[in-house]
Structure formats: structure tokens, C-alpha cells
Amino acid sequence: MDCRRLVLDPTGRERDAETAELCARGPATPVDILGVEAWAVADPGLLELLLKDPRVSKDGHRHWPDFPRVVPTWPLAVWVTARDTEGEGEAAALTEQELRDTLLLVVSSVYETTVNLIDNGIALLLTHPDQLAEVRAGRARWSDVVEEALRHDAPVAHLPLRYAVEDIRLSDEVTIRRGEAILAAYAAAGRHPCRYGDTGDAFDVTRPVKDHLAFGHGPHFCLGAPLARMEAETALRRLFERFPDLALAPGAELAPVASLISNGHRSLPVLLAGLRVGLRAGN
């Protein structure tokens, strides 16, 4: 295992290279997230275990010693301010700031992730015409496209943060110490060779292995997953039926959203039927 700390790119420009590096470094690797140190977990099997492990908490108020120092200035603080209010009585009421942060998370989780899923599905099909041909020939379903797009390009690349409530020994060489932060590296987990073999980087709508962690796992599995799947399947099917000659615009540059978390494109320039259209994230 490579124990050098990997600095994650907050712009998303090198997502594929970063994903490959996380997979190559082993089940978990130390990373720097805009100045915050954490363990990035890319191995899907290990990630599934940790997401259900009672020794792992989402409550940074209680279980992250760096919380008071980091939160006031960290750009991703909105993602780590959740707290466990069970059993606190009147003290469980959210503060005004916590209410605002919760609203932002709801908007991001419900809206932006579905936009990314549809965006990535379109981009993948247009850059892999052989896979679109599989669907049109009836050898794959639109639901297969959705699941493979979720696996290949998870709408949420990384999800901060969880925290070790006690020491968690992963191997003879690696132990996540009590109070250390854990990053769910969903983009890397979706391509990890331990589950998808040597073809994890390939977009294959006929892939027999359909499972992935794009919607999370365990008690915090995304409640909106069925709706997101239905929306994406309907949007992709209707789009390609309505515009059978849909193609990327000549010279189109698929620039990523400038984000460490959100995994999509800033715009998706396409030709419908000789007419150039710029589909922008959120439109």
C-alpha cells in the first residue's frame, strides 16, 4: 500500500486519473481534501462494511477532534455539520445555520445528482456509439444504461465525511485511528478491479455485474434512488427516441463541473438534427 498522502483535485479536471490512482493504492489511502486529512476508501467491499459499521459515525460534533478548527473556514463544511440529535430533547432543534445547510444538501442530493446522472448517461452513449447500438438492437435495456452510467461515473465522486469512533484495523499495515476522518470514494469504488476486474474503466451496458455504490449503502442509502432511476431511464429513452441522430457537436469539450464532490459536466454541446444545442448543467 502507498501511504503517501494524495492531494485530491477540487476542480475535478483529473477525475479519471485520480480514480485510477485511488484504485491502485489499495483499499484505503490517506488523502488531503482542501487541507483536511482523511482516509479515502475506494475498495467497494470495504466501503460497504464501513458504511454499516457501528464504529463509524457521521457526527463530527462528537467524533472528529478537528471539527472546531476545520468547520469555520473549510469550503466543504456544509457536508460535515450534521449531528446526531437523538435523545437530546429540546436541545435537538436545529440552529438557523444547520437548517440552511440541510436545505443546501437536499437541493444538491435531490436535484444535482440526477442532473449529473442524465448528463453522464448522454455523454457516455454519444462517446460510445457501439453501446448505444446495443440498446437500439434490443441487446440491452435503458435500465442497463442507467446502472452502468451510475457505476462508471458516479454522480457523487466523493462524499465527506465519516469518523472512526474507535480504532479500526484494516490490515497489519493500516489502522484508521479513533477520531480520524473517512471519505467515501464512490467514483473509484465504481471502477475498482477487485469487483469489476480489468474492465472496470470500460463503459459496457451488457456488463453482467450491475451492483454499485453510487447511491450509498446501509442506513444512509439514498431514499430518492428509485425516483432518480426512473427519471434517468425516461429522460434517456425519450431523448434518443425523439432525436435518433443526436451527436456531440464538432469540437465539443466536455469540461467537468469544478467540484471535488459533484461529478458531471459544465455543458454538453450536441447536434439534434443539424442544429447545435448547448445543454448546460441544471437546464
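**Sheet edge**

I began at Val 56, whose bridge partner in strand 5 is Ala 164. Strands here are DSSP runs of E of at least two residues, helices runs of H or I of at least four, both numbered from the N terminus. This is a predicted model: local features need pLDDT of at least 70, side-chain atom pairs count only at pLDDT 80 or more, and totals for chains, interfaces and linings use all residues. Residues are numbered from 1 along each chain as its sequence is written, and side-chain values use heavy atoms, with hydrogens and water left out.

Strand 4 and strand 5 (residues 159–164) run antiparallel, joined by two bridges. I count two strands as paired if DSSP finds at least two bridges between them. I then read off the sheet: six strands, open, mixed pairing, order 1-2-3-8-5-4. Strand 1 (6–7) and strand 4 (56–57) are the edges, each pairing on one side only.

Helix 2 (residues 44–52) packs on the sheet. It touches strands 2, 3, 4, 5 and 8 (contact: heavy atoms within 4.5 Å).

**Strand 3**

I checked both neighbours of strand 3. Strand 2 pairs with strand 3 in the antiparallel sense over six bridges; Pro 30 has Trp 39 as its partner. The two strands form a hairpin with two residues between them. Leu 34 in that turn has a positive phi of about 50°. Strand 8 runs parallel to strand 3, with three bridges, and Ala 40 stands opposite Leu 183. Five of the six residues of strand 3 are buried (buried: under 20% relative accessible area; exposed: over 50%; partly exposed: in between; 1.4 Å probe, protein chains only).

**Charged pairs**

I found 19 salt bridges (a side-chain nitrogen of Lys or Arg within 4 Å of a carboxyl oxygen of Asp or Glu).

Asp 144 pairs with Lys 210, closest N and O atoms 3.3 Å apart. Asp 144 lies in helix 7 and Lys 210 in the loop between helix 9 and helix 10, so this pair ties together parts 66 residues apart in sequence. Asp 144 is buried at 9% relative accessibility; Lys 210 is partly exposed at 34%.

Which residue forms a salt bridge with Arg 191? I found Asp 153, with the closest N and O atoms 2.8 Å apart. Both Arg 191 and Asp 153 are buried. A network of salt bridges links Asp 16, Asp 153, Arg 191 and Asp 201.

Technical notes
Axes are lines fitted to C-alpha atoms, for helices over the stretch in contact, and angles run from 0 to 180 degrees between N-to-C directions.
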